Amino acid sequence: CFQALKDIAEYYREVMNTKIVGITGSVGKTSTKEMLAAVMSEKFNTLKTQGNFNNEVGVPLTLFRLREEHELAIVEMGISDFGEMSRLGKIVKPDMCVITNIGQCHLENLGDRDGVLKAKTEIFDYLKEGGKAFLNGDDDKLATVKEVNGLEPVFFGFDKKNDIYADDVESKGLAGTVFTAVTPKGKMRLRVNVPGHHMVSNALAAVAIGLELGLDEKQIAAGVAAFKPVSGHSSIVETDRFTIMDDCYNANPVSMKAAIDLLATAPGRKVAILGDMFELGEKEREMHGQVGAYAAEQGIDCLYCAGSLSEEMYRAAKEAGIDCVEHFADTDALLAALPGLLQPGDSVLIKASHGMGYAKIVEALEK
């Protein structure tokens, strides 16, 4: 049944004429997918992956939603081992692909970031003829890719060496970021209404694809401004008592540090509720410690964490100077203690790997 699902999806993709943009990367796939869909919808009837349907079951189910009226599809593609991207690529056969970054994810299977690069770039073998790759040029691993199937990649990012880069970046804190996208076709002033440095990078990917597909500046600007993240992916929830940064869907060292950077810009007492990061391989405890120390460096006021690996996060944060820090055996123990740990006016970041079940912490605080 599993193989039949994939075979039928592969056939269905062949008979549909819809252009497809495939998105992969270690961090930011879902947010970039949502950003691209928001921008492309300004010109095209666009289908996008729902939620995180990005594996060997989710991708076929996404393709089965294609209808004749769809002019473009944005398909998220997630992997955790070698060969998976080849199997997904064979089904999707994207006309274009975006790789957001090469981070420390699924290291139990992929070994190190070079392994991650090798696994992610399997997608290049399945690009349609003449298909372009759009890569985050700020990523040291992706920057080494000189050509894809005989074509130069299009690089985006903050560094001015990229084909499309951000200039005059003006942070509005939790209200988002205003910046100028500098492109080979001119400059455009854009506003992302969601906070975070990484959201600007996601917007630059959308600018690059938008220009490739013939969108004008007005359409791109409107799409970027309309972007809203999926729940659990850097979404901001304001309640009567707290500002909640709901980033609980997944976690790795790169995304943890990006979320901590964002929390550091928030008003009031800055509280990080963090949990275990899974599938990090043999250096997992060391990586948890690095996150704890980073929280201290960024001036986070309180750190509450749960899970066996997060004990190292707790220890490192305490050693680095956070006085308000506590560790709990599991999510339920942390949840039970929270009413006595938080204060009205707190800005609260909630982030851990999906298996930690931190969505119930978000639900409890939203009440």
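The buried residues of helix H10 pack against helix H5 (107-110), helix H9 (253-264), strand S12 (270-275) and helix H11 (310-319). Helices (H or I, at least four residues) and strands (E, at least two) are DSSP runs numbered from the N terminus, and buried denotes under 20% relative accessible area, exposed over 50%, and partly exposed in between (1.4 Å probe, protein chains only). The model is predicted: local features need pLDDT of at least 70 and side-chain atom pairs count only at pLDDT 80 or more, whereas totals for chains, interfaces and linings use all residues. Residues are numbered from 1 along each chain as its sequence is written, and side-chain values use heavy atoms, with hydrogens and water left out.

Within H10, the buried positions are Met287, His288, Gly289, Val291, Gly292, Tyr294, Ala295 and Ala296. Helix H10 comprises 14 residues (residues 284-297), which at 1.5 Å a residue should span 20 Å, and the 20 Å between its end C-alpha atoms agrees with this; the expected span is 1.5 Å times one less than the number of residues. Just after H10, Gly299 adopts a positive phi of about 80 degrees.

Ile260 is in contact (heavy atoms within 4.5 Å) with Leu274, Val291, Tyr294, Ala295, Gln298, Ile300 and Leu349, its neighbours within four places in sequence being left aside. Ile260 is also one of the residues that touch the most other members of the largest nonpolar core, together with Leu63, Val75, Phe124, Leu135, Leu274 and Leu303. This core holds 59 residues; a nonpolar core is a set of buried Ala, Val, Leu, Ile, Met, Phe, Trp, Tyr and Cys residues joined through side-chain atoms within 4.5 Å. Another core, of 40 residues, lies apart from the largest one and includes Ile74, Val98, Val192 and Ala203.

Helix H11 contains Ser310, which counts as buried at 0% relative accessibility. Not counting residues up to four places away in sequence, Ser310 touches Gly275, Asp276, His288, Cys305 and His327.

A search of the whole structure, with a disulfide taken as a pair of cysteine sulfur atoms within 2.5 Å, returned one disulfide. The bond joins Cys302 to Cys324, with an S to S distance of 2.4 Å. Cys302 belongs to strand S13 (residues 302-306) and Cys324 to strand S14 (residues 324-328), so the pair ties together parts that are 22 residues apart in sequence. The torsion about the S-S bond of Cys302 and Cys324 is about 100 degrees, and the disulfide is therefore right-handed. Cys302 is buried, at 2% relative accessibility, whereas Cys324 is partly exposed, with a relative accessible area of 23%. Elsewhere, Cys1 is exposed at 92% relative accessibility and Cys97 is buried at 0%.

In helix H13 (residues 359-366), the residues Ile361, Val362 and Leu365 are buried. They cover an arc of only 100 degrees around the axis, which puts them on the same side of H13; the arc is that of the directions from the helix axis to the C-beta atoms. The cover over the buried residues of H13 includes strand S11 (243-246), S12, helix H12 (331-337) and strand S15 (347-351).

Strand pairing requires at least two bridges found by DSSP between two strands. Strand S6 (residues 154-157) and strand S7 (residues 164-171) pair in the parallel sense over two bridges, with Phe156 opposite Ile164 in S7. S7 also pairs with strand S8 (residues 177-183), in the antiparallel sense and over five bridges; here Asp167 stands opposite Thr180 in S8. S7 and S8 form a hairpin with five residues between them, and Gly173 in the turn has a positive phi of about 65 degrees.

Two further buried positions were examined. Met40, in helix H2 (residues 29-40), has a relative accessible area of 0% and is buried. Beyond its neighbours within four places in sequence, Met40 is in contact with Thr46, Leu72, Ile74, Ala206, Ile209, Gly210, Leu213 and Leu215. The C-alpha atoms of Met40 and Gly214 are 10.0 Å apart in space, the two residues being 174 residues apart in sequence. Gly78 lies in the loop between strand S3 (72-76) and helix H4 (84-92) and counts as buried at 11% relative accessibility. Residues touched by Gly78, not counting those up to four places away in sequence, are Lys29, Asn54, Asn55, Glu84 and Leu88. A C-alpha separation of 8.6 Å is found between Gly78 and Glu56, which are 22 residues apart along the chain.
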